[in-house]
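Thanks for coming. I will take a few minutes to walk through one structure, starting with a term we will need throughout.

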Amino acid sequence: MGLFKFRLPDIGEGIAEAEIVMWHVKVGDRIEEDANLADMMTDKATVEIESPVSGVVVELAGDVGDMVPIGSTLAVIEVADELADDAGVAHRIDAETADGVTANPVDQTVRAPVQDGTTLSGAPTETTEPVFDRLPARVQPAQEPNVLASPAVRARATDLGIELAHVKPSEDGRVRHADLDAYLRYSSASGFGVATAARADEVIKVIGMRRRIAENMAASKRNIPHFTYVEEIDVTALEAMRASLNDNRGNRPKLTMLPLMIVAICKAVPLFPMINARYDDEGGVVMRSGAVHLGIATQTDAGLMVPVIRDAQAKNVWQLASEITRLAAAARTGKATSAEMSGGTLTVTSLGPLGGIATTPVINRPEVAIIGPNRIIERPVFDGDDIRRAKLMNLSISCDHRVVDGWDAASFVQALRKFLETPVLLFAD
């Protein structure tokens, strides 16, 4: 038998290192050729690394969350003598990543916790799983041997913070769910609340997409002088038009506010080209984009992701609605491609019904602006001498003050306001 050193292959142009997101084996396991060895994350993508040989895993290069340089040893596998190669460099990656770009930027499926790994020194390490796979540790029911109760009743009592010894049991001496209910009613009527069981403290390692988000947001706030402008917009007519379009949509997708907002953005951008741009810090240049490649901030189990609608200015509201749905689903299921997750020139972020009164969104670097529509509320407004019911929405925009002046940001939002408050203009040439 001999040892085969599997070195981390080049998994993307310009990539110097990758992060270990998940080990699919542990030291001592047998792995077959082409079986998944590890998931490695670069700046934009997660790549499934497969073993080029069959054998027994002898060493692994670190823990989940560690960075591994390209070309360094990722794993050592005990193989037949004819396969052993101390200087061997294997380049077997999933066929979809042959060009260095994975078709699966973030694997967001819920997996079992990663098994214990072992460092190259052979020392065992603690079990560590991705942040988005961690589930709260369940508080185990206290053992009360003198009280008769089923495991389900004990678990419920623990969750409610009830000591079973304080609960009057049924006639047969066993505490049942009905007895817990009676105890709760009595405690409530007596003015005594039931204490909530405390959860165990947890230490969660920040890895994978969560770490990428943290790094990107920190870099954005550190390097970009943000300012935010907020304006109130009357969307009463826009909402009425949206309802009418949905009533007559046929087989087309249902419209939310977002596709109409995107049409307004695309119509306003040509008047304010500095909004639709990317700032090159190193080169000291601003690249204004003629096309609107619009990022749509999407919440996923792995964190906030921003798939991009290419050439949004060339799509109608129905096409935009379909593309929003498709990209959001791809991001949430981990099927969005690297191209769909990069190249944006402007971003829209919305919390939907949780939108709040106003937001101060963080710019998606290297873009120079991000737009945040907030929650729509109904309020009485003065219309001349009359008072009418109106649907109002605050619209926020954060801009890079190195590129966009406050006057320009305010003027851009006022242009958006004109389109949104007079929605017929959205469909006028």
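A residue is called buried when its relative accessible area is under 20%, exposed when it is over 50%, and partly exposed in between, using a 1.4 Å probe and protein chains only. What you see is a predicted model, where local features need pLDDT of at least 70, side-chain atom pairs count only at pLDDT 80 or more, and totals for chains, interfaces and linings use all residues. Residues are numbered from 1 along each chain as its sequence is written, and side-chain values use heavy atoms, with hydrogens and water left out.

First, the overall picture. The protein chain has 429 residues, and 45% of them count as buried. It contains seven helices and 20 strands; these are DSSP runs numbered from the N terminus, with at least four residues (H or I) for a helix and at least two (E) for a strand.

Four strands form an open sheet in the order 1-8-6-3, with antiparallel pairing. Strand 1 (2-7) and strand 3 (30-31) stand at the edges with a single partner strand each, so one side of each has no neighbour in the sheet. Two strands count as paired if DSSP finds at least two bridges between them. Strand 1 and strand 8 (residues 73-79) are joined by six bridges, and R7 stands opposite T73 in strand 8.

Next, the interior. In soluble globular proteins, nonpolar side chains tend to be buried together. A nonpolar core here is a set of buried Ala, Val, Leu, Ile, Met, Phe, Trp, Tyr and Cys residues joined through side-chain atoms within 4.5 Å. The largest one has 52 residues, and I262, I265, I275, I371, V404 and F412 have the most contacts inside it. Helix 5 (residues 257-268) gives the most to this core, with 10 residues. Another core lies apart from it, with 25 residues, including A38 and I207.

Which salt bridges are there? A salt bridge means a side-chain nitrogen of Lys or Arg within 4 Å of a carboxyl oxygen of Asp or Glu, and a search of the whole structure finds 18. In one of them, R156 pairs with D181, the closest N and O atoms being 2.6 Å apart. R156 lies in helix 1 (residues 151-160) and D181 in helix 2 (residues 177-189), so this pair ties together parts that are 25 residues apart in sequence. R156 is partly exposed at 26% relative accessibility, and D181 is partly exposed at 29%.

A salt bridge also joins E421 and R417, at 3.2 Å from N to O. Both residues lie in helix 7 (residues 406-421), four residues apart, about one turn of the helix. E421 counts as partly exposed at 28% relative accessibility, and R417 does at 27%. Elsewhere, E19, R211, R212 and E215 are linked in a network of salt bridges.

Last, one residue. Is H293 buried or exposed? H293 is buried, because its relative accessible area is 15%. It is found in the loop between strand 13 (285-288) and strand 14 (294-296). A polar atom of the H293 side chain lies 3.1 Å from the backbone nitrogen of D311. Leaving aside neighbours within four places in sequence, H293 is in contact (heavy atoms within 4.5 Å) with residues including V308, D311, G343 and L346.

Methods
Polar contact = N/O pair within 3.5 Å; in protein donor to acceptor, adjacent residues only side chain to side chain.
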